[in-house]
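Dear colleague,

I am passing on the structure below, followed by some notes on what I found in it. Please read the notes with the structure open beside you.

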2 protein chains.
Amino acid sequence: MVSDKTIARLSLYRRLLKVLEGEGVRSVFSQQLATMAGGTAAQLRRDLMEVGYSGTPNNGYEVARLADSIRDFLDVPGGQSVVLVGVGNLGKALLSYFATRRSSLQVVAAFDSDPYKVNRVIHGCRCYPMDSLSEVLKGQTATVAVIAVPAAGAQGVAEALTRAGVRGILNFAPVRLRVSPNVYVEDIDMTVALEKVAYFGRPIAGRTRKEPPA
Amino acid sequence: MVSDKTIARLSLYRRLLKVLEGEGVRSVFSQQLATMAGGTAAQLRRDLMEVGYSGTPNNGYEVARLADSIRDFLDVPGGQSVVLVGVGNLGKALLSYFATRRSSLQVVAAFDSDPYKVNRVIHGCRCYPMDSLSEVLKGQTATVAVIAVPAAGAQGVAEALTRAGVRGILNFAPVRLRVSPNVYVEDIDMTVALEKVAYFGRPIAGRTRKEPPA
C-alpha cells in the first residue's frame with residue numbers, strides 16, 4: 001500500500017514537471033526535482049519506484065515521460081467525478097477554483113439544502129437539493145466528495161455520502177468525521193490555518209528599535 | 001513558546017464554543033468540548049492553561065467566558081490586517097471566502113501583476129499592482145499575508161512581503177518557501193489534497209459483488 005505522503009509528493013512532482021514542461025525543459029535530475037519539491041533525491045527515487053518509471057537517472061528523467069508515468073499511476077483512465085456538498089461561501093469559492101483547473105477530476109454535481117440555490121448552475125456545476133443526494137449519486141460514478149457544509153451538518157453528510165458509495169472525502173468542515181476505515185478523509189481547516197498564521201505573525205509589541213526581532 | 005498545534009486547537013475550541021453559544025448552551029464539560037474537537041480532556045485542560053482561564057472545570061466551563069478568554073489570547077486588540085497576493089482564480093475565491101467571515105482578521109489589500117485586475121475592487125478588497133507592494137504595506141500595519149500566486153512567483157513574493165514587515169504567511173502556492181526563522185509559514189495545497197482523496201477514493205476495480213470492499 002502506497003502511503004498518503006508518497007501520493008502527496010507524486011502529485012507535487014507531477015505539477016512541478018508540468019511547470020518544467022511548460023518552460024521547455026526536456027530532462028531533470030533527481031536532485032533538481034527533489035529540491036523543487038522540498039525533499040531529498042533519495043526520497044524522490046523511492047517515490048518514483050512506486051510509479052514504475054524505467055529511466056536512467058544518470059542522464060536525468062525525461063520530463064514529459066515522467067509526468068505521464070505519474071499520471072498513469074495517480075489518475076483513473078477517463079477521469080473521476082467529484083461531488084461537492086455545501087454551496088455556501090466556501091463551497092462557491094471551491095466550485096469556482098476547481099472549475100477552471102484542467103484535471104482528470106471533474107466536479108459533476110453540487111448539493112445544498114437552501115431552496116434558493118437548488119437547480120441553479122453555479123460556476124458551471126448544477127446544484128441539487130440535499131435530499132436528492134443518494135438518488136443523484138446513483139446516476140453518477142462519483143466516489144470522491146468535497147464537504148463544505150457547516151460543522152453541525154458534516155457528520156450526517158459524510159454518512160449519506162459513504163452510503164452512496166463515496167470512498168474519498170476532502171473535508172473543509174471543522175469537525176473530525178467518523179467514517180468506516182475504507183473511506184479516506186483529508187481535512188483542510190482554512191480558518192485554523194489563517195488564525196495560526198495571524199498568531200505567529202502578530203506585530204511585535206513595543207517594536208521600536210531598528211534591529212529585527214530575535 | 002506556545003506550539004502551533006496548541007494554537008490550532010485553541011482556534012478550533014473557540015469556534016466550537018461559538019457554535020454552542022449560538023445554540024444557547026451556557027456551560028460545557030472539558031470532556032464534551034474535547035470530544036467535539038477530536039481530542040482528549042487532558043489535552044484540552046493543558047491547552048487552556050496557556051489561555052489563563054480561571055474556572056472550576058468540575059462545574060464545566062462557562063461557554064461565553066471561555067470563548068472570550070481564547071479571543072483575548074489569540075486575537076490582537078483592534079484586529080489584524082491581512083494582505084493577499086495573487087488574484088487569480090484561487091485568490092478571488094479566497095477573497096470571497098474571507099470577506100464574509102466575521103473575524104478580527106481583515107483583508108485590507110490584494111496585489112496582482114495583471115493590469116486588468118489592478119485598481120479594481122474585488123469582493124470588497126482593492127487590488128493594487130504587484131510592484132506597489134512595499135509602498136502600500138508601508139501605509140498598512142499588515143504583518144500577515146496570503147500567497148495565492150503560481151509556484152514560480154511565490155518565493156519572490158515571500159521575500160518582498162517579509163522585507164515589508166510580514167511575519168506570517170498562509171501559502172497556497174505549491175512550493176516550499178525559504179524565509180527567515182522569525183517568519184511563520186503555513187502551507188495549504190488544495191490540488192495535492194484533492195488528488196490524495198481521489199487516489200484513495202478511486203472506484204474499486206472489478207467491484208461487482210455486493211460485499212463491501214475489505
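In this predicted model, B:Gly168 stands opposite B:Tyr184 in strand E9 of chain B, where helices (H or I, at least four residues) and strands (E, at least two) are DSSP runs, numbered from the N terminus. Strand E8 (residues 168–171) of chain B pairs with E9(B) in the parallel sense over four bridges, two strands being counted as paired if DSSP finds at least two bridges between them. Helix H8 (190–200) of chain A packs on the sheet, touching E3, E4, E7, E8 and E9 of chain B, and its direction makes about 155° with that of E8(B); contact requires C-beta atoms, placed from the backbone, within 7 Å, and axes are lines fitted to C-alpha atoms, for helices over the stretch in contact, with angles running from 0 to 180 degrees between N-to-C directions.

The sheet itself is open, with seven strands of chain B in the order E5-E6-E4-E3-E7-E8-E9 and mixed pairing. Strands E5 (121–122) and E9 (184–187) of chain B stand at its edges with a single partner strand each, so one side of each is left without a neighbour in the sheet. Helix H5 (residues 89–99) of chain B lies across E3, E4, E5, E6 and E7 of chain B, at about 160° to E4(B).

Residues are numbered from 1 along each chain as its sequence is written, while chains are lettered from A and ligands numbered from 1 in the order in which they are written. Local features need pLDDT of at least 70 and side-chain atom pairs count only at pLDDT 80 or more, whereas totals for chains, interfaces and linings use all residues.

Terms used: Contact = placed C-beta atoms within 7 Å.
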